Amino acid sequence: MANPRNTTLRSAFSALALLAPLFLSPLGAQDFSRDKFRQLEELLPTANAYRTASGAPGHGYWQQRADYRIDVELDDERQRITGSEVVTYFNRSPDTLSYLWLQLDPNLWAQDADGRAVPREPDFEKFGYRTLRRMLLLEKFAGGITIEAVRDGEGAPLPYTIVKTMMRIDLPRPLAAGEQLTFEVDWWFTVNDADDIGGRSGWEYFKEDGNYLYEIAQWYPHLAAYTDVNGWMHKQFLGRGEFTLELGDYEVNITVPDDHIVAATGVLQNPEEVLTQAQRLRLNEAKTAKTPLFIVTPEEAAGNQATPAHGKKTWRFHAENVRDFAFASSRKFIWDAQGHTVGNNPVLAMSFYPNEGEPLWSRYSTHAIIHTLNVYSRYTFDYPYPVAISVNGPVGGMEYPMICFNGPRPEKDKTYRERTKYGLISVIIHEVGHNYFPMIVNSDERQWTWMDEGLNTFLQTLSEAEWEEDYPSRRGKPQAIAEYMTSENQVPIMTNSESLLQFGNNAYAKPATALHILRESILGRELFDFAFQEYARRWKFKRPMPADFFRTMEDASGIDLDWFWRGWFYTTDHVDIALNDVHQFELDSRDPEIDKAKDRREDEDEPETLGEQRNKTLPKRVDQYEELKDFYNRYDEFDVTPQDREEYEKLLEKLKEEDEGDEYLLKTERNFFLIELENLGGLVMPVILEIEYTDGSREELRLPAEIWRYDPEQTSKLIMTQKVIASITLDPHRETADANIDNNHWPRKPIKSRFQLFKRKHGPNPMKAAQEAEEKAAEEAAEKGKKTKKKKPSGPRR
């Protein structure tokens, strides 16, 4: 056992006096800069008729709507998209609008685009070939969208102004609340090379067979969002902050080469025109299949990619209540599908991939889709759409309603690394999961990346945990985020998407980890799951803001979490709680026979100094002259005197008379341990202690974060027990993201590490290297001469 600092108290009252600071709040003015439990009202917007203080949509909540009819053609020779759309815009706001704002996302690739003008500088210490290749290609790539015409519903031209990645359409008359407007736009743009230039959309070229694979997104002019919070959301698209969109219905006709297979948002309306009879039968059979079934077989895909197209086909799709539309097209696609029911909703899970994706894709993709729908629906709401699609192509991972693009593939020899396998499963779970956040819970990605990426990454890790035991999840474990949280190059989670540093850690990993800690260590699974599901259901097909999430989680759980949101989302504090010291207090019985005996033992246990030990052998004067000795040479301070006994008896009588028999308290057999804690990281968190006693038993003590409410830097915990504490471990399960576990033990443990032995290596000196090169050249020349002499003239044998 490690010895705590043992202090013997002279009375029960003096013990209480020493412990009183634990129970008393500080006096005087509060230092708000140190108030980690200050409520968030000053930071959150004031509740109103649109958004309530409980975090729910208010009775006056509204949102706009835009329906689209689009005709688009993919030019496989020039890699060009040409389209025409009819848009019906519904003004459901209480405001009158004199103009509309549309997003022109392809202008991200325009030569004068802000996104191309302000990229972060490359790392010149690790300047990659791909980085330079991309920079050279961007010099030549003439990207950006060309608007050919904007017309009203009668065909009359409408004035418009293009402002970088936005376009303003000026209306001939204001659009009043409750009115709707129909207008048309014609446009075209050149599709980017997604492999070498990058982006969330683009084409991939296969040199071996001369074919292209297209993943097309952010491809048509679409309405910017008009909201009760921001008005028009026309913040420029710089490439990182994603999208803020309105929900609506889509009818999209996609014309492609006649040997292409198309995957898209929504349900295919004309399979009889674009699929063979055999493919249509397989598609119908797949709806009730127990395992994925090929719709377009590998053999059919190989046949398609081997010969050029002879004409065109138009694939027609219909999608309801979606915020965007994306599609993929290639003659290389293999297509498999399996029907699945989520709640009462039949869903067709489908995967599209070239032969280069095999054998990974046919084995895992559609299974991963179905698994995602099962798990996410359990934590939120039943998946409401009729299809869910995963496409393999040049885009590493990107999400759209009902369809997502995912990149991992095996090696050319069809083998693959473990990292590739789990990377594929994880990215499919993540991107399919985005159907819930932000496609249905329609948050503002342009402002707050974490509201979809963080929540989605959290659910992704829950899904991975149900895929197989010990799944190698990259994110979510508290200890994995500690290094990032102690780094200097970071900003709070509540930072605009375009200004985030360490993007993946900030918007994905840290909020996901925060939610894991909230679920496991603060609220518990039952409270958390109820509150999280309440948030998802409240804001299904609506547009929540951060305050709506924070307020709903508190409202539905019944727990004040302002300290948690403030620390994890509004600051860059980290977790580092130190277990500084442990003091042991023992209650004096006030019985002199008992207490003075203890005093004697404690005195005898005090170690002698080295000087005292050596001085024992010295002759003493009082031994030479007995007359120098008096009463005090015989006096023993630990002897019990009659006066001691008399005082003890008086105390007992007083306690019997005045304190209603409290004399029994003096016989309390308990140990009092005072544990001193220090908050070095700044982030207040619950304190979890594992206590081991000298009898070998263990106990876990879980203290809420409110233990820091009086002083966020230092606090103490008193433990009263009949046992004796041998050791204490802080955060024994590594559940709070504590960045330094070396100060989590009492008594301290050795800091373990490992090292390797190395020998210094000496390369050849320049003179020796030159000599060896000359000798090698001479040997090669001599060998070449021998071969020349042996060579005979060739000719026909006679």
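I am working with a predicted model, where local features need pLDDT of at least 70 and side-chain atom pairs count only at pLDDT 80 or more, while totals for chains, interfaces and linings use all residues. Residues are numbered from 1 along each chain as its sequence is written, and side-chain values use heavy atoms, with hydrogens and water left out.

**Entry: strand β21.** I looked up β21 (residues 345-353) and found eight of its nine residues buried, so the strand is largely enclosed by the rest of the structure. Buried means under 20% relative accessible area, with a 1.4 Å probe and protein chains only. Strands are DSSP runs of E with at least two residues, helices runs of H or I with at least four, numbered from the N terminus.

**Entry: its partners.** Strand β20 (residues 334-342) pairs with β21 in the antiparallel sense over nine bridges; pairing takes at least two DSSP bridges. I noted Gln338 opposite Ala349 in β21. Two residues lie between the strands of this hairpin, and Gly343 has a positive phi near 65°. On β22 (residues 387-392), I counted five bridges to β21, running parallel, with Leu348 opposite Val387.

**Entry: two helices.** Next I checked α14 (residues 546-557) and α15 (residues 562-570), whose axes come within 11 Å and cross at roughly 145°. Axes are lines fitted to C-alpha atoms over the stretch in contact, and angles run from 0 to 180 degrees between N-to-C directions. The contact (heavy atoms within 4.5 Å) includes Phe549 and Met553 of α14 and Trp565 and Phe569 of α15.

Note on methods:
Buried means under 20% relative accessible area, exposed over 50%, partly exposed in between (1.4 Å probe, protein chains only).
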